[in-house]
Amino acid sequence: MDNTIEVKGMRKVFGRKTAIEQVTFNVEKGEIFGLLGPSGSGKTTTIKILTGESTQTDGDVNVLGMDSTRFGSSDFKSKIGILSDNSALYERLTVHDNLKLFCKLYNAPLKEVDVILKEVNMEDERTTTISKLSKGMKQRVLLAKALIHKPKLVFLDEPTSALDPGNAAQIHRGLQKLNEAGTTIFITTHNMEEATELCDRVAFLNNGRLQELDSPGALRYKYSTHAFHVETFSGKRLVIDNEPENAGQIKELIENGEIKAINTDNPTLGQIFLKVTGKELVS
Ligand SMILES: Nc1ncnc2c1ncn2[C@@H]1O[C@H](COP(=O)(O)OP(=O)(O)OP(=O)(O)O)[C@@H](O)[C@H]1O
């Protein structure tokens, strides 16, 4: 297996506060990996360690084949892109001039500016000053900034928090396209729909500890009771366990034409998170 990120026994202590405790996971090359957790669970701390902005107290962290002692190198920085709360733009410059500056900073060809503006659907605003953009538009320019140098790996810290569904969907489409082109994406979120839609695998972080790690589909299957939820035309709602002895009851309902709808229960990631951690994902 080709891993883009390998984390083993990672701990992070701030004074008396242990923010991350014995966290171990890998992110495979080409996947969209989601780190899910409520506020204060350690998502940003994890991203900061993985991008070299902070250092782990203990444990091994390897990103793109480099150990954490090399995260300050220009080689490392040229291969990763970051979109976080700390990402900033020059408010008084236009969209185009901002991206031109970041191109120069990363030694990327200037022609990339127009390519990336098209990708994030901001061509029409290329001459608009940043201070005149809406929040969603600014976020799309920040995403363009994170991607302008064509990084192999992108870190996104809650990229769509505070965006309306339309703007969030636009960011999601951009990320899916980027991923299809081969970029590995590490995303933190407390938005379960976002995680279900985008991520190949998700990890649950709670109080700095990882509590589950799998694909959204596998987690939903694991935490499903597999019972049948039946709604009849007479308005009855039945929950029938998926056991051989109940086959007759279901057969009879079908034969009598009584079934209006039949589903197996399929918990959402938010419900699973609550079950595993006892906490709501959105806090
Ligand atoms: N520089 C710091 N000094 C002291 N404590 C910190 C520091 N940075 C983070 N923490 C603590 O570490 C824990 C994890 O914080 P972190 O910012 O990683 O959480 P998060 O999951 O990203 O939360 P949010 O969703 O609110 O951004 C919190 O208890 C926080 O108070």
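Me: Helices here are DSSP runs of H or I with at least four residues, strands are runs of E with at least two, and both are numbered from the N terminus. With that settled, which element gives the largest share of the shell around the ligand?
Reply: This is a predicted model, and in it α1 provides the largest share of that shell, with three residues.

Me: Which elements give two or more residues, and which residues are around the ligand?
Reply: The residues around the ligand are Phe14, Lys17, Ala19, Gly37, Ser39, Gly40, Ser41, Gly42, Lys43, Thr44 and Thr45. The elements contributing two or more of them are β2, spanning 17-28, and α1, spanning 43-50.

Me: How does the shell divide by class?
Reply: Seven of its residues are polar, two are nonpolar and two are charged.

Me: Changing topic, how do the axes of α3 and α5 cross?
Reply: The axes of α3, residues 95-106, and α5, residues 135-147, come within 9 Å of each other and cross at roughly 20°. Angles under 35 degrees count as roughly parallel, and α3 and α5 are therefore roughly parallel to each other.

Me: Is that crossing left-handed or right-handed?
Reply: The crossing of α3 and α5 is right-handed.

Me: And which residues meet there?
Reply: From α3, Val95, Asn98, Leu99 and Phe102 meet Val141, Ala144 and Lys145 of α5; by class, the residues of this contact comprise five nonpolar, one polar and one charged.

Me: What does UniProt list for residues 5-232?
Reply: An unreviewed UniProt entry lists residues 5-232 as "domain: ABC transporter". Over residues 5-232 the chain is 34% helix and 29% strand, with the end C-alpha atoms 50 Å apart.

Key: Residues are numbered from 1 along each chain as its sequence is written. This is a predicted model: local features need pLDDT of at least 70, side-chain atom pairs count only at pLDDT 80 or more; totals for chains, interfaces and linings use all residues. Axes are lines fitted to C-alpha atoms, for helices over the stretch in contact, and angles run from 0 to 180 degrees between N-to-C directions. Angles under 35 degrees count as roughly parallel, over 145 as roughly antiparallel, 65 to 115 as roughly perpendicular and the rest as oblique. A crossing is left-handed if the near helix is turned anticlockwise from the far one by less than a right angle, and right-handed if clockwise. Two residues are in contact if their C-beta atoms, placed from the backbone, lie within 7 Å. Ala, Val, Leu, Ile, Met, Phe, Trp, Tyr, Cys and Pro count as nonpolar, Asp, Glu, Lys and Arg as charged, and the others, Gly among them, as polar. A residue is near a molecule or strand if its C-beta atom, placed from the backbone, lies within 6 Å of it. UniProt positions are given in the numbering used here, feature names are shortened, and annotations may be inferred rather than shown by experiment.
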